[in-house]
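Colleague: I would like to go through the labels on this model and hear what each one rests on. Please set each value beside its cut-off.

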Amino acid sequence: MLLAVAMATAVDPSHDLASERSSIESTYELTKYLEYQLKEIKDVYLTYLGPPFNEKDFSPPRPNSTALTLPSAATRLELWHGLENQARLAQNQKAYSVLLAAVRELASSTLCPSLKTSLLHFCTGLDGLLGSISALMTTLGYTLPPQSANMRTNAGELKVEGFWILRELQSWLWRSAKDFNRLKRRLRG
Amino acid sequence: MANLVTSLCCVVLAAVVVAYAQRRSQLVARNQYERMGSDVTMQCGSLDNNTSVSWKVNGTDVKAQHRLEGPRLILTQVDLGHNGLYSCFQNPHGERRDTILLHIGIPPREPTVTCRSNTYPKGFYCSWHQLHPTYIPTTFEVDVQHNQRLLDVQKDAVHKNRCHVRFPEVFSSFPYKVNVTAVNSLGKAFTTISFEESSIVKPDPPERVTATPIRFNPRRLEVSWHSPATWPDIDNFPLKYFLRYRPLIREQWQHVELSDSTSHTITDAYAGKEYIIQVAAKDTEIGTWSDWSVAVHATPWIEDPLPITSTTEVDVSTEAKTSPLPSSNAPQKAEAPVGRAARVLTFCSPLLLGMLLLFM
């Protein structure tokens, strides 16, 4: 019976792809929503950090410490084009699992209570995105990359790291929208 | 004897060459750039301090306020009127000793710089201009930094004040820093701007916008367009569009936002009215809206008026393109569909009334 069902789903790929495309579409919408939410939180967070972080066009150098291994959304255009579906999803999945842990730590070290609440609320959204990506990978038959441990940072660089975590998260949400759009087109055939 | 003649010839030749060279150097003017409003000193060649010279500008006497100090001409508080070709002649024989082309100008001020990407994700271009003229030749040096690296900058083949840069990567978290330095003989000034990849993306307007009426639909117009040719990768970096339309007789626009579609049917057009339609484009994720496209005019389909023999064919062929001519026919044309409906109603209503009375 189970075999018949499995065979039926295997024989009817168009049906599966339709549900996958729908899943990609809702994940895409989620990234847009989170991007919008992040913009608001980022402004509040930069004000909380105070000068010079809240100044226009301010960009501190990115911390080089090995403890903070933030996945970079930036990539060469040809490489981005050439990514296979699995690799594309895996990169997203890995990025958000690291960033989620980083934002959680950021929230716990935030002293302002309302900002802490906002950040934690944002984390639930981010967790939802991560779950959505993982589910999509499983449905498409891709194995999930293993979880990597995230070491903590020294307090001296906390502000700069906080800045970069949110900055990189912003780039990733923007990139993910493009990634899911590409996936949607590739699955359309 | 032969040797003597040869050496004599060489000496004469040498003298001729030197004299010619000297004369040439006097004839070739050298440029001198000076600041507006300042006092200018022009030196006549390399003559001694007690040499007496006379000066001419563009072949005539120097009329502007000036004073002479040996081989030097001093002009006070110069302005653009002092520009010219100055020649000095040694007294008392009047041999020309020097020629100076004087240019009055001002040092450059900070240029205004803007950057934009209409070919995302391939690259971007930066343009700059000076708010105030310098009156003398000014060049611009551009350098672009990203993530502590200098990027390769290409000058534009056509536009003097524009340069092009390829994006080294996409989805970058590092800002780009563009520095433009204006340089001329009197000084230099620079401007630095900083921006993120996503903020400068602005496509060119959509192209080949067409609006056509739909037969038998007096309130519809079919609008279609193409993505701008300069946008390199419409599949992976799709655009969304914004359509605006209004009848010529009204000021207020109606707007429609569309994703992933290059056509739209307007269904609420006023019958018989000429419309003006424009479209704008934007990357679905980042950047700003393009400028509006070229405006397109169209009038919804109108039912043919009652045939007026010879003019019928003309009406049929032009009704799609031109608005109704302001003639006695026009009101009839516009009212025809409405009039017809009204006529039907007036015919039916007594009938309906009759039927109602019958059933009471």
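Colleague: Why is Ile106(B) called buried?

Modeller: Ile106(B) has a relative accessible area of 18%. Buried means under 20%, so Ile106(B) counts as buried. Bear in mind that this is a predicted model.

Colleague: Where does Ile106(B) lie, and which residues is it in contact with?

Modeller: Ile106(B) lies in the loop between E8 and strand E9 (112–119) of chain B. Leaving aside neighbours within four places in sequence, Ile106(B) is in contact with Met36(B), Pro133(B), Thr134(B), Ile136(B), Asn184(B) and Leu186(B). Contact here means heavy atoms within 4.5 Å. Ala2(B) is 104 residues from Ile106(B) in sequence and 62 Å from it in space, C-alpha to C-alpha.

Colleague: What makes Leu102(B) buried?

Modeller: The relative accessible area of Leu102(B) is 1%. The limit for buried is under 20%, so Leu102(B) is buried. Leu102(B) lies in strand E8 (residues 95–105) of chain B. Beyond four places in sequence, the contacts of Leu102(B) include Val40(B), Met42(B), Leu75(B) and Tyr86(B). Between Leu102(B) and Asn236(B) there are 134 residues in sequence and 57 Å in space, C-alpha to C-alpha.

Colleague: Why is Tyr135(B) called partly exposed?

Modeller: Tyr135(B) has 47% relative accessibility. Buried is under 20% and exposed is over 50%, with partly exposed in between, so Tyr135(B) counts as partly exposed. Tyr135(B) sits in the loop between strand E10 (123–129) and strand E11 (139–146) of chain B.

Colleague: Which residues form a nonpolar patch on the surface with Tyr135(B)?

Modeller: Met36(B) and Leu80(B) form the patch with Tyr135(B), and together they have about 260 Å² of accessible area. A patch takes residues with over 30% relative accessible area, and Tyr135(B) is at 47%.

Colleague: Turning to chain A, is Thr110(A) buried or exposed?

Modeller: Thr110(A) has 3% relative accessibility. Since buried means under 20%, Thr110(A) counts as buried. Thr110(A) is found in the loop between helix H4 (85–108) and helix H5 (113–139) of chain A.

Colleague: What does the side chain of Thr110(A) reach, and which residues does Thr110(A) touch?

Modeller: The side chain of Thr110(A) reaches the backbone oxygen of Leu106(A) at 2.6 Å. A polar contact needs a pair of N or O atoms within 3.5 Å, and 2.6 Å meets that distance limit. Not counting residues up to four places away in sequence, Thr110(A) touches Tyr45(A), Tyr48(A), Leu115(A), Lys116(A) and Leu119(A).

Colleague: How many helices and strands does each chain have?

Modeller: Chain A has six helices and zero strands, and chain B has three helices and 23 strands. Buried residues make up 44% of the 189 residues in chain A and 37% of the 360 residues in chain B.

Colleague: What scores does the model have, and where does pLDDT stay under 50 in chain B?

Modeller: The model scores ipTM 0.86 and pTM 0.77. Chain B averages a pLDDT of 86, and 82% of the residues score at least 70. Over residues 314–342 of chain B, pLDDT stays under 50. For that stretch of chain B the model has 21 contacts beyond four places in sequence.

Note on methods. Residues numbered from 1 in each chain as written. Chains lettered and ligands numbered in written order. Predicted model: local features only at pLDDT ≥ 70, side-chain atom pairs only at ≥ 80, totals over all residues. Heavy atoms only, no water. pLDDT = per-residue confidence, 0-100. Patch = residues over 30% accessible without salt bridge, like charges linked within 9 Å, V, L, I, M, F, W, Y side chains within 5 Å. Areas by Shrake-Rupley, 256 points an atom, 1.4 Å probe, with all protein chains shown as cover. Salt bridge = Lys/Arg side-chain N within 4 Å of Asp/Glu carboxyl O. Helix = DSSP H or I, 4+ residues; strand = E, 2+ residues; numbered from the N terminus. Buried < 20%, exposed > 50% of the residue type's maximum accessible area, 1.4 Å probe, protein only. Polar contact = N/O pair within 3.5 Å; in protein donor to acceptor, adjacent residues only side chain to side chain.
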